[in-house]
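Please examine the charged side chains of this protein and the backbone at selected loop positions. The report below is intended to be read alongside the sequence and the structure.

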Amino acid sequence: MKKILLLIFLSPAFLLTKHVSAQGDGLICSHYWKEQFSSCPVDQVTFIKQQTYIPILQDSCSNDGATCISDINNQPFYQPFAIYNIDDDEANRFQVEIVPKVINTNGLVTQQGRINVQRINPTQHERNFVKHLNEAQHYHMQVQDALTFTQKDGVMYSGSEQSTIKSSLNVCKTAMNYINNDGNCEGLLNNEIDLEMRNNANEISTIAALDKASGLIKLVLGNIKTNELGKILNYDVVMSFDDGSRIFINVDVTKGAAKIVADLDASRAANGQTLTRFINNINNVEDFYSTDELESLVRKNNLQTHCRPSGVMTDLNTRLIRTIKLVDKHGNERVINIYQRETAFIAVGNC
């Protein structure tokens, strides 16, 4: 996701076309919303100095012209700057003094350039702006926590504390159930997400706090687009399963309705592979570590099964775990057995 970098590099007043309001340039930063904003600098003064340009001015006088009158303005000028730290609810405002570097026609430095940064008081608009963003973050965290699902002994829970049972989602036993929509797993989880977006009081409070911040952004940061803050309304749904698989889903509600997209690169199969790699190379996977995952693949005909006479395995240390009966549209029945061999599982069909 594209980051919002609300930063104007400091430069001489006569070299910089002002982009923001008279209150100065600003950086909105957050570690929590790292995909939407830049991370907050640890040393703010050092950060500002690193972003500040010291102009180099050419003096028409030479070093031997004792009576030469310089035609340049080598006086320091001042530029305000602010860092809005959402995580810590801090509006930090600074006055930046920039002294230009001056060299004469012989290339000798007659004035060293330097940067001085002094902290000053933020405006009330700035304090309120960061306050509302911090409130939005607080409520956003509560919604994000509600969208974390964890399976434990076959039961699905929501929240980091795993205190709320989501029995409607117990049909989802492995990440592949969502991908293949076994038992309407995908539909049930998407419905759960939609309900959270519509009915969760914290989501309503998040939007309300963002609306307040948006009402101040013009006063704080000038002509930046107010809809940039709407990009905050993104959530990451994570559903983890007993078999070690995981489905990762991005939810974007910037346009009102929830846009739900599974991220297969962030999701995992039971063997630890990304779902992208796992699905694209499914017939090259030698060992499966989940009976539910293997059954999902068998039922969707996504897997080339082993062939044994009558589907029977007689190898030592091999035991039958599950039998699956598949019936095609013509009524033909096919039996697939899932066997366990040590810690892995294989699917075997009748020859």
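## Basis and overview

The coordinates come from a predicted model. Five salt bridges are present in the structure.

## Glutamate 126 and arginine 93

Glutamate 126 pairs with arginine 93 in a salt bridge whose closest N and O atoms are 2.5 Å apart. Glutamate 126 and arginine 93 are both buried.

## Lysine 166 and glutamate 192

A salt bridge also joins the side chains of lysine 166 and glutamate 192, with an N to O distance of 2.8 Å. Lysine 166 belongs to the loop between strand S10 (164–165) and helix H3 (175–180), while glutamate 192 sits in helix H4 (residues 185–199); the pair therefore ties together parts that are 26 residues apart in sequence. Lysine 166 and glutamate 192 are each buried.

In the salt bridge between arginine 299 and glutamate 295, the closest N and O atoms are 2.8 Å apart. These two residues lie four residues apart in helix H7 (residues 291–299), so about one helical turn separates arginine 299 from glutamate 295.

Glutamate 295 is buried, because its relative accessible area is 16%, and buried means under 20%.

A network of salt bridges links Asp292, Glu295, Arg299 and Arg322.

## Aspartates with positive phi

Aspartate 89 is not a glycine, yet its phi is positive, at about 55 degrees. This aspartate 89 occurs in the loop between strand S3 (77–85) and S4. Its relative accessible area is 37%, so aspartate 89 is classed as partly exposed.

Aspartate 153, likewise not a glycine, has a positive phi of about 55 degrees. The loop that holds aspartate 153 runs between strand S8 (148–152) and strand S9 (155–158). Aspartate 153 has a relative accessible area of 72% and is therefore exposed, since exposed means over 50%.

Key:
Residues numbered from 1 in each chain as written. Predicted model: local features only at pLDDT ≥ 70, side-chain atom pairs only at ≥ 80, totals over all residues. Heavy atoms only, no water. Salt bridge = Lys/Arg side-chain N within 4 Å of Asp/Glu carboxyl O. Buried < 20%, exposed > 50% of the residue type's maximum accessible area, 1.4 Å probe, protein only.
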